[in-house]
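Q: I am new to this structure and would like to learn how to read its features step by step. Could we begin with the aromatic rings?

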Amino acid sequence: MNAIFRTFVVAAALILGLPAVAADEVNVYSSRKEELIKPLLDRFTAQTGIAVNLVTGKEDALLQRLKSEGANSPADLLVTTDAGNLYRAKAAGVTQPLVSDALSTAIPAVFRDPEGHWVGLTMRARPILYVKGKVDPATLSTYEALAGPDFKGRICVRSSDNIYNQSLVASLIAANGEAATETWARGLVANLARPPKGGDRDQIKAAAAGECDIAIANTYYLAGMLTGKDPADRTAAESVAVFWPNQDGRGTHVNVSGAALTAAAKHKNAAVQLVEFLASPESQQWYAQENGEYPVRDGVAVSATLTAWGPFKADSLNLARLGELNAPAVKLMDRAGWK
Ligand code: FE
């Protein structure tokens with residue numbers, strides 16, 4: 001409902017003594033932290049008069065909730081991280097195509113579900129991080145090479161139950177096939193400095209503390225440590241550098257946080273309008289920079305921290321493939337002994 005029409009309806013309701021028609025609203029289930037999205041939702045409400053009701057929670061809990069609520073779900077949009085999670089929502093049947101020419105134009109096809117059920121709204125990269133002075137970046141090249149004998153006992157990475165690693169392995173399956181990727185995973189596991197534990201930040205801290213020379217982590221964790229308030233985190237982060245792997249080939253593995261339109265959406269137009277707002281150049285700048293991520297559309301400035309890491313070639317695999325290959329990736333990591 002556009003603003004003029006809404007004003008008319010409300011005015012007509014007042015004149016006729018009818019109960020005023022509720023203004024448009026959008027209900028959002030989000031696994032993003034409130035501070036990483038709420039300011040933009042408030043801006044959207046201020047611009048459009050459309051209220052946004054935000055429910056935040058963990059990825060799995062929100063998906064479970066959407067499934068059990070079914071057609072009665074109040075949610076119009078699911079906002080979550082990782083194409084693997086967006087794929088799971090689609091596979092669970094709780095999403096529907098989100099039709100918008102503006103989004104198809106603004107967001108590259110690789111960051112959108114081919115059937116339109118979800119769109120990426122921020123991009124994150126998962127490169128190789130190395131300890132400055134201990135690793136000559138000239139000895140680094142690809143994810144594949146990390147399974148070689150040169151890296152024995154030198155690598156830190158989190159566990160295989162984490163979707164970021166599952167998506168990384170899915171990208172390797174897409175590039176090299178399942179058999180070669182299983183051999184790679186066995187080699188990587190053999191090169192680990194310690195059994196996987198902790199999150200991405202913990203891998204960076206372990207590298208800084210001398211437990212390993214190389215860590216695999218999403219860039220926004222490094223950005224968060226570099227710009228955060230904890231001096232120990234900052235010192236740890238400053239001791240590592242970013243290496244963009246696979247630049248002579250398919251490019252560095254990337255993923256997105258994104259939004260899916262729910263199958264139960266009762267405020268479809270307003271929901272699409274909100275996603276278009278989140279994809280607008282102004283929102284993209286805030287949304288990506290606030291969490292040290294990259295915009296999904298071209299021509300939007302990245303933060304100074306990200307600029308310092310330089311440009312890189314991102315893998316052009318359609319991210320929906322990461323979801324399709326999630327199950328084989330999980331099984332493969334298990335067979336390879338990736339804890
Ligand atoms: Fe994360």
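Predicted model: local features only at pLDDT ≥ 70, side-chain atom pairs only at ≥ 80, totals over all residues.

Q: How are the rings of Tyr294 and Phe312 placed relative to each other?

A: A pair of aromatic rings is described by the distance of the centres and the angle of the planes. Here the centres of the Tyr294 and Phe312 rings are 5.4 Å apart and the planes stand at 70°, so the pair is edge-to-face. This pair links distant parts of the chain, with Tyr294 in the loop between helices H12 and H13 and Phe312 in the loop between H13 and H14, 18 residues apart.

Q: Are Tyr294 and Phe312 buried or exposed?

A: The cut-off for buried is under 20% relative accessible area, so Tyr294, at 8%, counts as buried, and Phe312, at 19%, counts as buried too.

Q: Which residues of the largest nonpolar core touch the most other members?

A: In soluble globular proteins, nonpolar side chains tend to be buried together. In this structure the largest nonpolar core has 95 residues, and Ile107, Leu121, Ile214 and Leu274 touch the most other members. Helix H11 (residues 268-279) gives the largest share, eight residues. Because domain 1 and domain 2 both give residues to this core, it lies between them.

Q: Which residues are the protein donors of the iron ion?

A: The donors are the OH atoms of Tyr164, Tyr220 and Tyr221, which lie 2.0 to 2.1 Å from the iron ion. Along the chain these donors follow the spacing Y-x55-Y-Y, and both Tyr220 and Tyr221 are buried.

Definitions and conventions
Residues numbered from 1 in each chain as written. Heavy atoms only, no water. Core = buried A, V, L, I, M, F, W, Y, C linked by side-chain atoms within 4.5 Å. Buried < 20%, exposed > 50% of the residue type's maximum accessible area, 1.4 Å probe, protein only. Helix = DSSP H or I, 4+ residues; strand = E, 2+ residues; numbered from the N terminus. Domains from an automatic or database assignment. Donors = N, O, S within 2.8 Å, 3.2 Å for Na, K, Ca; no water. Phe/Tyr/Trp six-rings, centres within 6.5 Å; stacked < 30°, edge-to-face > 60°.
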